[in-house]
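Thanks for asking me to look this one over. My comments are below, as numbered points you can check against the model as you read.

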Amino acid sequence: MYAAAPLALLMLGWFWLANIASEGNAEPLPYVPLINPLELGLLFALFGVYVWSRSAMPQLAVRKEYAAIVTQGVAGASLFVFFTALVMRTAHHWSGVPFELDLLLESMRVQAGLSIVWTLMALSLMIGGHLRRRREVWLIGAALIGVVVAKLFFVELSNRGGLARIVSFIGVGVLLLVVGYFAPLPPKRAEAVPDTGKPVPESQGVSS
């Protein structure tokens, strides 16, 4: 288990570096999001690191709740970077946007894609948090929704006209409606009341 730690860190470092620096060119194969060699390799690497960390954390004397927070936090941040880079690589290959950060961020197609993909990620977090009654997961999704809404007003709204801005606003608006309908804020978990074995006084019972 300890011997695999350097390999896991190396794979995680490669995951982040490849997402930041690689444009995903796999000639003569065409670029297809998610199923191209680079992104398949990145997903397999992240899955391997996640599985290793779940079994390694308890052996490293890390408390179970802290181990889960660290493991899920690293996986969540990595997936956020992965899908953000995926949008940029798609714009580069399909729309001819040069794979340079400044030019990518100036492209409204990239900005619209980021808004929709980030909203889909937030929707997944909020629905998952609602179904599993985990308010912290739901709140992370809500925070990401807040980032998207701020980006709509400060970035997309500054672009006068353009189909990309229209698609961005409509797509995010529809997804927000889905969030409000299917994923309301889950209730707080009720604290367990210790069973003392004593009968409940009549004054505290429910009167018929």
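1. Ground rules. This is a predicted model, so local features need pLDDT of at least 70 and side-chain atom pairs count only at pLDDT 80 or more, while totals for chains, interfaces and linings use all residues. Residues are numbered from 1 along each chain as its sequence is written, and side-chain values use heavy atoms, with hydrogens and water left out.

2. Start with arginine 89 and glutamate 39, whose side chains meet in a salt bridge at 2.8 Å, N to O. The pair ties together distant parts of the chain, with arginine 89 in helix H3 and glutamate 39 in helix H2, 50 residues apart. (Helices here are DSSP runs of H or I, at least four residues, numbered from the N terminus.) The rule for a salt bridge is a side-chain nitrogen of Lys or Arg within 4 Å of a carboxyl oxygen of Asp or Glu, and by that rule the count comes to two. Arginine 89 counts as buried because its relative accessible area is 0%, and glutamate 39 is buried at 0% as well. For the cut-offs, buried means under 20% relative accessible area, exposed over 50% and partly exposed in between, using a 1.4 Å probe and protein chains only.

3. The other salt bridge. Glutamate 136 pairs with arginine 134, and their closest N and O atoms are 2.9 Å apart. Glutamate 136 counts as partly exposed because its relative accessibility is 42%. Arginine 134, with a relative accessible area of 18%, is buried.

4. Aromatic rings. Three aromatic pairs turn up; the rule takes rings of Phe, Tyr and Trp (its six-membered ring) with centres within 6.5 Å, and calls planes under 30 degrees apart stacked, over 60 edge-to-face and the rest tilted. One of them is phenylalanine 15 with phenylalanine 82, a stacked pair at 6.2 Å centre to centre and 25° between the planes. This pair also links distant parts of the chain: phenylalanine 15 sits in helix H1 and phenylalanine 82 in helix H3 (residues 64–95), 67 residues apart. Ring pairs link Phe15, Phe82 and Phe83 into a cluster.

5. Most residues other than glycine have a negative phi, and most peptide bonds are trans. Against that, glutamate 27 and proline 28 are joined by a cis peptide bond, with omega about 10°. Proline 28 is in the loop between H1 and H2. Which loop holds leucine 34? Leucine 34 lies in the loop between helix H1 (5–21) and helix H2 (37–59), and has a positive phi of about 75° although it is not a glycine. Arginine 133 also has a positive phi, about 55°, and lies in the loop between helix H5 (108–131) and helix H6 (135–154).

6. Helix H5. At the start of H5, a side-chain oxygen of serine 107 reaches to within 3.3 Å of the backbone nitrogen of arginine 109.

7. A surface patch. Val32, Leu34, Ile35, Leu40 and Phe44 make a nonpolar surface patch of about 460 Å². Patch members have over 30% relative accessible area and no salt bridge, with like charges joined within 9 Å and nonpolar side chains (Val, Leu, Ile, Met, Phe, Trp, Tyr) within 5 Å. Areas come from the Shrake-Rupley method with a 1.4 Å probe; for residues, only the protein chains shown count as cover. Leucine 34 is partly exposed because its relative accessible area is 36%.

Conventions:
Helix = DSSP H or I, 4+ residues; strand = E, 2+ residues; numbered from the N terminus. Polar contact = N/O pair within 3.5 Å; in protein donor to acceptor, adjacent residues only side chain to side chain.
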